[in-house]
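Subject: Structure handed over, with notes

Hello,

Here is the structure you asked about. My notes on what was found follow below it.

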Amino acid sequence: MRKGPEVVTSSEGEVFDVELEVDILKENRRLADENARRLQSKGIQTIDVMGSVGSGKTSLIKEMVSRLKHSYRIAVIEGDVTTTIDADMIASEGIPTVQVNTGKECHLDANLIRKALDITPLDKLDLIFIENVGNLICPAEFPLGSDERLVVISVTEGPYMVVKHPMMFLDAQVVAINKIDLANAMGVDPNNLSADVSRLNPKASTIHTSCRTGAGIDEVIHSLQLKRPA
Amino acid sequence: MHELSIATSLVEALLEIAKKQAATKVLAVELRVGKLRLISLDQLRFSYEVLSKGTLLEGSRLTIEETPGFTRCPNCGFTKEFETGDASFHFALPTMKCPKCATDLKIEGGDECVITKVRMAIPSRPSEPRVRVGPM
């Protein structure tokens with residue numbers, strides 16, 4: 001960097017340097033904390049579901065909703081760039097859904113969730129699933145105010161999904177490795193994906209799931225500290 | 001492309017800082033961005049340039065200092081810099097377990113994204129001098 005003179009006078013006035021420490025991502029975090037407080041005050045548990053496009057986020061949420069809807073009052077907030085396909089699929093379970101279309105953005109942010117919560121019947125809920133936009137990069141940068149982060153990947157995405165997107169897994173409490181019924185056809189060993197996750201984030205629970213066969217769904221529910229009806 | 005939303009927050013924060021100081025023009029901005037943030041600096045610069053057009057940020061110079069990522073072991077104090085220097089960074093990301101005592105490591109640096117300095121033109125001399133212009 002070039003060393004400048006002590007004081008410079010420009011046509012617009014005198015030039016000053018202001019040294020400061022302004023966190024650019026703070027505003028999102030502040031709104032996320034606000035969301036978290038709002039949800040906690042209503043006694044609502046919230047789970048942010050993240051994962052790449054087509055990993056099976058919606059199917060996994062649908063499976064969990066179908067198992068939990070008799071013991072929890074559930075709503076799902078669906079984030080997508082456009083369309084209500086996912087929200088319609090979840091709504092077939094007979095629970096309230098809120099579609100958030102991000103338009104051009106590749107992720108949900110805390111402000112979008114704040115707006116979605118405004119139109120969600122919070123007084124009548126115990127549990128909210130937030131399905132993030134399918135993307136393994138951007139959502140990692142934008143906390144929403146959820147209690148848990150569930151990351152869904154699938155064997156059909158190949159063997160390197162975890163090592164290629166490490167940041168997404170660092171803050172996850174639960175990682176579902178989905179579509180294990182297709183593992184043989186894909187020639188992908190789900191155990192290697194689990195090993196990658198536990199190397200990166202030893203605290204995360206890693207569960208092999210298949211929404212077709214129902215494998216692992218109860219374990220995901222258990223790991224999210226939700227209880228199935230007896 | 002979340003750089004666009006980060007650049008939007010950056011522009012909003014800068015306009016607020018400029019307003020507080022009653023500045024008429026922002027000439028230069030310094031940022032500190034950790035290497036563990038998933039921020040492409042080229043995209044951030046481009047988004048900033050586009051968004052600053054027509055505001056008093058237009059034409060300002062954006063300097064970005066990158067800070068390395070660090071992990072530290074809360075038990076034995078072992079520290080290691082994240083190897084983020086080359087394209088194979090993702091594969092070189094170390095395990096989050098301490099290699100010495102197997103305790104879970106904590107990320108200690110490299111995840112910030114902050115404005116550290118703003119150079120502005122201010123028409124009327126402030127009653128209290130702000131930090132005077134030094135190297136930038």
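**Chain B: order of elements**

Read from the N terminus, the elements of chain B follow the pattern α-β-α-β-β-β-α-β-β. That makes three helices and six strands. Please keep in mind throughout that this is a predicted model.

Of the 136 residues in chain B, 31% count as buried. Among contacts in chain B with a separation of 6 or more, 76% are between residues 24 or more positions apart.

**Chain B: the helix at residues 3-20**

Helix α1 of chain B covers residues 3-20, which is 18 residues. From its first C-alpha to its last it reaches 25 Å, close to the 26 Å expected at 1.5 Å a residue. Which of its residues are buried? They are Glu3(B), Ser5(B), Ile6(B), Ala7(B), Leu10(B), Ala13(B), Leu14(B) and Ala18(B). Just after α1(B) comes Ala22(B), with a positive phi of about 55°.

**Chain B: strands**

Strand β1 of chain B (residues 25-34) is joined to β6(B) by eight bridges, and the two run antiparallel. Within this pair, Val26(B) is opposite Met120(B) of β6(B). Strand β6 of chain B, residues 113-122, is mostly covered, with seven of its ten residues buried.

Three other strands of chain B form an open sheet in the order β4-β3-β5, with antiparallel pairing. At its edges are β4 (79-81) and β5 (106-109) of chain B, each of which pairs on one side only. On average, neighbouring strands in this sheet are turned by 30° against each other, direction ignored. Strand β3 of chain B (residues 70-72) is linked to β4(B) by three bridges, running antiparallel. Here Phe70(B) is opposite Glu81(B) in β4(B).

One residue to look at is Arg61(B), which lies in strand β2 of chain B, residues 61-67. Is Arg61(B) buried or exposed? Arg61(B) has 11 C-beta neighbours inside 10 Å, so it counts as exposed. Arg61(B) and Lys19(B) are 42 residues apart in sequence, and 18 Å separate them in space, C-alpha to C-alpha.

**Chain A: overview**

Chain A has nine helices and nine strands. Its C-alpha trace spans about 75 × 45 × 30 Å along the principal axes. Of its 230 residues, 49% count as buried. For contacts in chain A with a separation of 6 or more, residues 24 or more positions apart account for 73%.

The average pLDDT of chain A is 88, and 93% of the residues score at least 70. Residues 1-9 of chain A are a part to read with care: pLDDT stays under 50 there, and the model has 17 contacts beyond four places in sequence for them.

The bridge partner of Val49(A) in β6(A) is Glu131(A).

**Chain A: one face of a helix**

The last item is helix α8 of chain A, residues 190-200. Its buried residues are Pro190(A), Leu193(A), Asp196(A), Val197(A) and Leu200(A). What covers them includes the strands β7 (148-154), β8 (174-178) and β9 of chain A, along with the helices α5 (161-164), α6 (166-170) and α7 (183-186) of chain A.

Regards

Note on methods
Residues numbered from 1 in each chain as written. Chains lettered and ligands numbered in written order. Predicted model: local features only at pLDDT ≥ 70, side-chain atom pairs only at ≥ 80, totals over all residues. Pairing = 2+ DSSP bridges. Helix = DSSP H or I, 4+ residues; strand = E, 2+ residues; numbered from the N terminus. Buried ≥ 20, exposed ≤ 12 C-beta atoms within 10 Å, placed from the backbone. Contact = placed C-beta atoms within 7 Å. pLDDT = per-residue confidence, 0-100. Axes fitted to C-alpha atoms, helices over the stretch in contact; angles between N-to-C directions. Expected span 1.5 Å × (residues − 1).
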